[in-house]
Amino acid sequence: MPCASDGKPSNPAQGFYIEAPQLAKDGVEEDPEAASFWKVKHGIRLHGDASFTTTLQDQEIWKIAMFLKQMDKLPPAVDAEWKKST
């Protein structure tokens, strides 16, 4: 139970710290593109990861999934630009 009856965090809830997965840092290049698509579109339940169902079109999500799949194979100039933007 996340909150006690007084609205304050319960004892177990005080120990929760959920950090959203960082797909670009977590090495998802080996995952099937469809798995990355699903994670981006629907989020990851109970991991603080947002769903982009209402903010991105499927075509945009597929582009992200394909980028994640190829992240370890980017040309040096593209890789440098990508890392500069993060």
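User: Is Ser 36 buried or exposed?

Analyst: This is a predicted model, in which local features need pLDDT of at least 70, side-chain atom pairs count only at pLDDT 80 or more, and totals for chains, interfaces and linings use all residues. Residues are numbered from 1 along each chain as its sequence is written, and side-chain values use heavy atoms, with hydrogens and water left out. Buried means under 20% relative accessible area, exposed over 50%, and partly exposed in between (1.4 Å probe, protein chains only). Ser 36 has a relative accessible area of 2%, so Ser 36 is buried.

User: Which residues is Ser 36 in contact with, leaving aside neighbours within four places in sequence?

Analyst: Ser 36 sits in helix α2. Helices are DSSP runs (H or I, at least four residues; strands are E, at least two), numbered from the N terminus. Contact means heavy atoms within 4.5 Å. With those sequence neighbours set aside, the partners of Ser 36 are Val 28, Asp 31, Ala 65 and Leu 68.

User: Where do the buried residues of α2 lie around its axis?

Analyst: The buried residues of α2 are Ser 36, Phe 37, Val 40 and Lys 41. The arc is taken from the directions from the helix axis to the C-beta atoms. Seen down the axis of α2, these residues fall within an arc of 130 degrees, so they line one face of the helix.

User: What is among the cover over those buried residues of α2?

Analyst: Ala 65 is a buried residue of α3. Leaving aside neighbours within four places in sequence, Ala 65 is in contact with Glu 33, Ser 36 and Phe 37. The cover over the buried residues of α2 includes α3.

User: How far apart are the end C-alpha atoms of α3?

Analyst: The expected span of a helix is 1.5 Å times one less than its number of residues. For the 13 residues of α3 that should give 18 Å, and the end C-alpha atoms agree, at 18 Å.

User: Which exposed residues are on the face of α3 turned away from its buried side?

Analyst: The buried residues of α3 are Ile 61, Ala 65, Leu 68 and Lys 69. They cover an arc of only 100 degrees around the axis, which puts them on the same side of α3. The face turned away from that buried side carries Gln 59 and Lys 63.

User: Why does the pair of Phe 37 and Trp 62 count as stacked?

Analyst: The structure holds 2 aromatic pairs. Rings of Phe, Tyr and Trp (its six-membered ring) pair if their centres lie within 6.5 Å; planes under 30 degrees apart count as stacked, over 60 as edge-to-face and the rest as tilted. The centres of Phe 37 and Trp 62 are 4.3 Å apart, and the pair is stacked because their planes are at 20 degrees.

User: How many residues apart in sequence are the parts tied together by Phe 37 and Trp 62?

Analyst: Phe 37 is buried at 12% relative accessible area, whereas Trp 62 is partly exposed at 38%. Phe 37 lies in helix α2 (residues 33-42) and Trp 62 in helix α3 (residues 58-70), so the parts tied together are apart in sequence by 25 residues.
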